[in-house]
Amino acid sequence: MNAFFAIIHREVLLVLRRKSEALTVLFFFLIVTSLFPLGIGADVALLRKIAPGVIWVAALLSTILGLQRLFASDYADGTLEQMALSPTPFVLLVGGKITAHWLLCGLPLVFLAPFIGIQFDLDLETLRTLILALLLGTPILSLIGAIGAALTLGVRGGGVLLSLLVLPLYIPVLIFGAGAVFATSAGLDVGGHFSLLAALLVLAIAFAPWATTAALRIAIE
Amino acid sequence: MNIMHSSSSGRYLNWFSFSSPATFYPLAARLTPFFWGLSILFGIVGLWISFFVAPADAVQGDGYRIIFIHVPASWMSMVIYMAMAMWAALGLIFNTRLSAMMAQALAPTGALMAFLSLWTGAFWGKPMWGAWWVWDARLTSELILLFLFLGFMALQASIDDPRRADKAGAILALVGVVNVPIIYFSVTWWNTLHQGASVSMSKAPAMAHTMLWGMLLMTMCFWMYTIALALMRVRAIILERESHSDWVKTLKELRA
Amino acid sequence: MAGVVRSSHFLFMTAHFPSSLASSVANGQLRASQLTCLRGERILFEGLDLHLDAGEWLHVRGENGVGKTSLLRLLAGLAQPASGGIFWGGLSITIDPSTYHQHLFFLGHRDALKEDLSALENIAIAAALDGQRISEDRMLAALHRFGLRGREDLPVTCLSAGQKRRVLLARLLLRSSQLWILDEPFNALDSQAIKMLERVIGEHIAAGGMVILTSHQEVAIPNGRVIEL
């Protein structure tokens, strides 16, 4: 377990040394969400309706931006190989990296989202649902995205290819996550949405680290 | 070469011997015309039933007949994805190149079926509901399935090393297979949430027996077509990937 | 550039750290049989056998592109051979890779260092990832032995190529695994550092360790065998 926390510590340290990379992802999130009112018009009722979808899609795209860096630098400088050859199980270290990615990329989105929600005139109840749904959903995005990042490691056209591979797999999370927020704003019950999100999270935790590790081993070969 | 040596007494067919591209190549050549024949046969009977035997629908008139292409194409796209994932899994478990080549051969036809399903869906939708595209659960799932096929093909095309491309594609296909039911379920959920149930292609008219037969026959036609095409494609892939080996160099068709 | 603040103090735990080398000397035994290696669809080598016991080392030689790196990566377990097996202490390395990794240290072409971290941080984190507990004093001693006194806290980007390799040598020593697989370890080292490395390898062999390395130059260490690919 020590190794698990050590790798999270390492990732945090690396991001602190080079803050700009992590911050660009957050700025992207802010910019993308601002584009929609600019493109559609400032009709408040309409904005309130599209807010869940817009915020969630922006979260998906921002996560994908951050995924490209997940394994790329380790692959380039040889530390990924060392992780594969460590006495500590590789899957544990990979799990640590994914957790660190969520802490550095997903969690900030959860904190930023309410502010965007206010820009779109969402009420307090809806904002609360938004935060909770993103809290459940962003780890799933990191987990599934890691598989795509591992598959496209070092491959030509990696960034766009990653998006093509991962976005279809994100669709269930988008549907349940945005659906939950929409349901709250319409006054409906969100229990079902959250149960499904939680189920997806459990499924992702159970399978994604192993699929990612297998894909990484293939990339390292 | 990963040829598995089983202690065969010679009386039983050694299936694993066919996992060598060299042995499978001529076998595929012999099987292909057989499947083409079946495909044409099923196609003729199926189309005849679709257009002449099945009665006109009370509500939709004759325009509904495109269902005989649309539904089989949808079914086939699903079947092909399952088959592709199965071959990919076999290739991963047994480390056989041929299994991975089969998966690679199936993908384009799967994408074609998904596209055909969407295209015919649009042609059905326009006269029926006045829109080229409706966000129906089945159509939307079909669209996502098309993306999954395209993603698989794009990934394999982007990786230079063929063995790595095989294994990476296999993992993607397996992840996809787990996700397809989840995606379908979530899209169905989304559809009932946001739209009335008025627009739904799965609410087909009460099926006359003949209509069902027409669809089944057309499905068989597409299935045989898929197999024939996959066999042809896999032969091309074998030639391309094994081009350096001796048995390819001595092939009749290349010695022209 | 100002030195990097040592923010990773909690990782440096002072603990008694048993010498794994002594306890595993008796088991040290690497066997490879009938190895076949493919690159793409081309056969690099096939039917290769090799064995290595404690206190021996192997020099893998050959032209560029003949498969030296591929062989080393196969032996380390990074890649799977097309056929054949690799055995450590009689057991296939695919059965219990974790144990094999405990006894193995692999050095590839790349530096395996995080450029934004200091040399000391790199070593400390690498040790933590490998499940080792090494005191800060021992880490500093190793870095100083390889001539990096005063540079332990600089981000690694500030070090020269030769200095980066010396950080890896320090890590090599601290890891104290029995089998070292080194791919072109003498690259980018000056003559003084080369002698240093040769001495370190010699001491390791004498203490019962095992080394497999590739190098274009002659390596003056006793008890070695050569494999030509």
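Which residues in α2(B) meet which residues in α6(B)? On the α2(B) side I found B:Phe68, B:Ile69, B:Val71, B:Pro72, B:Ala73, B:Trp75, B:Met76 and B:Ile80, and they meet B:Gly214, B:Met215, B:Met218, B:Thr219, B:Phe222, B:Trp223 and B:Thr226 in α6(B). I sorted the residues of this contact into 12 nonpolar, 3 polar and no charged, where Ala, Val, Leu, Ile, Met, Phe, Trp, Tyr, Cys and Pro count as nonpolar, Asp, Glu, Lys and Arg as charged, and the others, Gly among them, as polar.

I note that this is a predicted model, in which local features need pLDDT of at least 70 and side-chain atom pairs count only at pLDDT 80 or more, while totals for chains, interfaces and linings use all residues. Residues are numbered from 1 along each chain as its sequence is written, and chains are lettered from A and ligands numbered from 1 in the order in which they are written.

Next I looked up the elements of chain B, which has 7 helices and 0 strands (DSSP runs numbered from the N terminus, helices being H or I of at least four residues and strands E of at least two).

I then turned to the partner chain, where 20 residues of chain A are in contact with 23 residues of chain B. On the side of chain A that touches chain B, α6 (124–151), α7 (158–185) and α8 (191–220) of chain A each supply at least two residues, and the largest share, 10 residues, comes from α7(A). By class, I recorded 16 nonpolar, 2 polar and 2 charged residues on that side of chain A.

Note on methods:
Contact = placed C-beta atoms within 7 Å.
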